[in-house]
Amino acid sequence: MMETIYLIGGSGFIGKHLVRILSKEYKITVFDKFIDGEYFKSYTNVDTCCLDLIEEKIPETYDAPDFMINLASVVTAERDFSLFDSLIASNLKILLNLYDRFKDCKKLKMFIQFGSSEEYGSEGSPFKETMREQPNSPYALVKQLTTNTALMLCRNYGFPAMVVRPGNLFGPGQNPTKFIPYVINQLKDNKPLDVTPCEQKRDFIHVDDFADAIKAIIKNYRVCVGEIINVSSGVSVSLKSIIEHYKKELKSTSQVNYGAIPYRENEAMDLRCDTEKLYLLTNN
């Protein structure tokens, strides 16, 4: 019998790719406020449930899974403090709702909570999991709060939680407003790009490599429960080099307006994650 995974907030970019990779070996149920039924109908090992997990709990008719992956979150780079309520609801409240629903379920082997590399702040790259976090945005601060809550539930109450901190994901189907899709689409159409000076470096990881790493974490759940694990490439590249690479490859005539957008306050100029722990725990 196949082991089971509940994928919370799994109808988005990352969730769809996790389904594509993990459904070959696991029976998956996707819970999300909005379900892309057309996408999931081609996967015979995948069920879906349309549910607002801020306001509702997973019904008792659903037995506990072997593994649970919590992707649910509002993602934003804005420094707007008015976002706190929605961020706390979509991160901390959903985590606590899931904990309350499954805290007594012995079958659950591991609960994967998604954090963010932005929790580390802007100084000290490459970032190790043992470093003290210094979040520079409401999003990063709420992610840190959720990370600490998940690990507290593990330490104090035996809830089998761990935290994944992803690098900058990219790949097919990503929101066109994200950096790499935006750059490619503008360059393809020979349209101008308004960007920052783009000297900042980011640690990009293709979504397929990311999904493979999540699969390895699941396979090695016994040593991963209770841990924070960076999942990234371990290499940072400047945003300017990415733009210039695609501009050359696409033979684009786009005007790139470097500096048209200012850096964010406390911009991280080299966001790179140390991946030694990932390889040590998963042999991946």
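In this predicted model, helix H8 spans residues 239-249, and within this helix Leu 239, Ile 242 and Ile 243 are buried. If you look down the axis of H8, the buried residues fall within an arc of 95°, so they line one face of the helix. On the face of H8 that is turned away from this buried side, you will find the exposed residues Lys 248 and Glu 249.

What do the buried residues of H8 pack against? Their partners include one helix, H5 (179-188), together with the strands S8 (193-195), S9 (201-202), S10 (204-206), S12 (237-238) and S13 (256-258). Just after H8, as you follow the chain onward, Lys 251 takes a positive phi of about 50°.

We now turn to the cysteines. A disulfide is a covalent bond between the sulfur atoms of two cysteines. With a pair of sulfur atoms counted as a disulfide when they lie within 2.5 Å, the count for this model comes to 0 disulfides. Cys 224 is in no disulfide, and the nearest cysteine sulfur, which belongs to Cys 154, is 12 Å away. Cys 273 is likewise in no disulfide, since the nearest cysteine sulfur, that of Cys 224, is 16 Å away, and a disulfide needs the two sulfur atoms to be within 2.5 Å.

Are these two cysteines, Cys 224 and Cys 273, buried or exposed? Cys 224 is buried, with a relative accessible area of 0%, and Cys 273, at 1% relative accessibility, also counts as buried, because buried means under 20% relative accessible area.

Terms used. Residues are numbered from 1 along each chain as its sequence is written. This is a predicted model: local features need pLDDT of at least 70, side-chain atom pairs count only at pLDDT 80 or more; totals for chains, interfaces and linings use all residues. Side-chain values use heavy atoms; hydrogens and water are left out. Buried means under 20% relative accessible area, exposed over 50%, partly exposed in between (1.4 Å probe, protein chains only). Helices (H or I, at least four residues) and strands (E, at least two) are DSSP runs, numbered from the N terminus. The arc is that of the directions from the helix axis to the C-beta atoms. Contact means heavy atoms within 4.5 Å.
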